[in-house]
Amino acid sequence: MTARSSRVLRGLALLAAVFAFGVVMFGAFVRLSNAGLSCPDWPTCYGRATWPEQQHEIAQANQAFPDRPYETHKAWREQVHRFLAGTLGTLVFALALIASWRDRWARHAVIVGAICAAIGVGMYIRGEHHWSLLLSIIAIGLPLVAAIRLHRPGAWRISVLALSVVVFQAMLGMWTVTLLLKPIVVMGHLMGGITTFALLAYAALRLAGVGAQDDAYAGLRKAVVLGIVLLLAQIALGGWTSSNYAALACGTDFPKCLGQWMPPTDFREGFVLWRGVGVNYEGGVLDMAARSAIQIAHRFGALVVFCYLAWLSHRVSRRGLRSLGLAIAVVLVTQVLLGISNVHFGLPLPVATLHNGVAALLLFTLLATLARTQKRHDDAMFLSLGH
């Protein structure tokens, strides 16, 4: 690989990571503004590549989808989110192609996978859903196998793996619409976005040379990995809370819930993951006891994550990585304050959206810490040596 290609790979990884963060933020904005079903079809919006704007276009849209009246202030949000996600997919494809270029089989797998994904979207629009599903599976599987077989450092393989995740994320976006905001799918879509961001961010960190000269910080690695796992679980729980419209199940009370330390709850009903198809979940279908159970579980999860990450930030600082320890602590406290503000102020859209973004930033601080505990000998040096 030439020096120019090396710089392109570094720059593209960074650009894709930053763009993925923006897509996560905008996706949260769409979800929290209740615009997730504002375009009842996929990937078009009322049959259009953009969205209806003229009066006759709006009339045609309402005639074609009488059960989903057109809402101008919402439809553009959903379709712009799709455009941003498509742009991210293009960036990830380019990143995967560059990372796999020197391996002929991997390069062909990436190219064929991307072609299958594109054809699959076209077939879905034409109503050939079974063929579309088959092509989507191939589009996911080929880059996945290529990433496993690729004889390159970790960041390069992650760059290829990200393409599989992006294709699956697109399928989750489709199912979010076609399955009418089914909570498990909406939560999965959120986690797919977070996973995409995490993979791209970690690849960008490693390609930028973030790492250690030796194994001096290796003792921190397991603790950091556990912190990442706990945080991802809490983000998933937050997604479950949001997708079941349980964010305000305790009213505006904190730390109490509906004026009580333990109000009536139904944890069993609140955590049923699959309820069949055909139900419109917009606005939620659970009663207050089930929603309160979800909200309380989210609060307890937040307490566990806060205690662990507070301890981790202290340990990281004591081991000599003070800037990273401080970053974890600052972002952690900010995230907790945003969560409390969500409840106290009745879930204002800017605060709720920022709550999602800061969760991603907190994950980034942990990924940066993990990268810092690993040797620098593979990813960045592999680039500098011109392989």
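A disulfide here is a pair of cysteine sulfur atoms within 2.5 Å. With that in hand, select Cys250 and Cys257: they form a disulfide, with their sulfur atoms 1.9 Å apart. The angle about the S-S bond is -85°, and the link of Cys250 and Cys257 is left-handed. Before going on, a word on what you are looking at: this is a predicted model, in which local features need pLDDT of at least 70 and side-chain atom pairs count only at pLDDT 80 or more, while totals for chains, interfaces and linings use all residues. Residues are numbered from 1 along each chain as its sequence is written, and side-chain values use heavy atoms, with hydrogens and water left out.

**Stop 1: the cysteines**

Is Cys250 buried or exposed? Cys250 is buried, with a relative accessible area of 1%, and Cys257 is buried at 2%. Cys307 is in no disulfide; the nearest cysteine sulfur is that of Cys250, 19 Å away. Cys307 counts as partly exposed, at 45% relative accessibility.

Next, pick Cys39 and Cys45. These two form a disulfide as well, with sulfur atoms 2.0 Å apart. Their link is left-handed, at -75° about the S-S bond, and both Cys39 and Cys45 are buried. The count comes to two disulfides, and if you number the bonded cysteines in sequence order, the pairing is 1-2, 3-4.

**Stop 2: rings**

Now colour the aromatics. Rings of Phe, Tyr and Trp (its six-membered ring) pair if their centres lie within 6.5 Å; planes under 30 degrees apart are stacked, over 60 edge-to-face, and the rest tilted. That rule gives nine aromatic pairs. One of them is Phe26 with Phe29, a tilted pair at 5.5 Å centre to centre, with 55° between the planes. Both sit in helix α1 (residues 3-32), three residues apart, about one turn of the helix. (Helices are DSSP runs of H or I with at least four residues, strands are E runs with at least two, and numbering starts from the N terminus.) Phe26 is buried at 18% relative accessible area, and Phe29 is buried at 19%.

Move on to Trp42 and Tyr124, an edge-to-face pair: 5.6 Å centre to centre, 80° between the planes. Trp42 lies in the loop between α1 and α2 (55-64) and Tyr124 in helix α4 (residues 104-125), so the pair ties together parts that are 82 residues apart in sequence. Trp42 is buried at 16% relative accessibility, as is Tyr124 at 14%.

**Stop 3: charges over rings**

A charge sits over a ring if NZ of Lys or CZ of Arg is within 6 Å of the ring centre and within 35 degrees of the ring normal. Select Trp105 and Arg149: the charged end of Arg149 sits over the Trp105 ring, 4.3 Å from its centre. For another example, show Trp101 with Arg107, which lies over the ring face at 4.8 Å from the ring centre.

**Stop 4: salt bridges**

A salt bridge is a side-chain nitrogen of Lys or Arg within 4 Å of a carboxyl oxygen of Asp or Glu. How many salt bridges does the structure hold? It holds seven salt bridges. Start with Arg68 and Glu282, whose closest N and O atoms are 2.7 Å apart. This pair links distant parts of the chain: Arg68 is in the loop between α2 and α3 (72-100) and Glu282 in the loop between α9 (267-270) and α10, 214 residues apart. Arg68 is buried at 15% relative accessible area, whereas Glu282 is partly exposed at 29%.

Now try Arg48 and Glu57, a salt bridge with its closest N and O atoms 3.2 Å apart. Arg48 is partly exposed at 31% relative accessibility, while Glu57 is buried at 13%.

**Last stop: a contact across the sequence**

Finally, select Val224, which is in helix α8 (residues 221-243). Val224 counts as buried, at 0% relative accessibility.

Key: Buried < 20%, exposed > 50% of the residue type's maximum accessible area, 1.4 Å probe, protein only.
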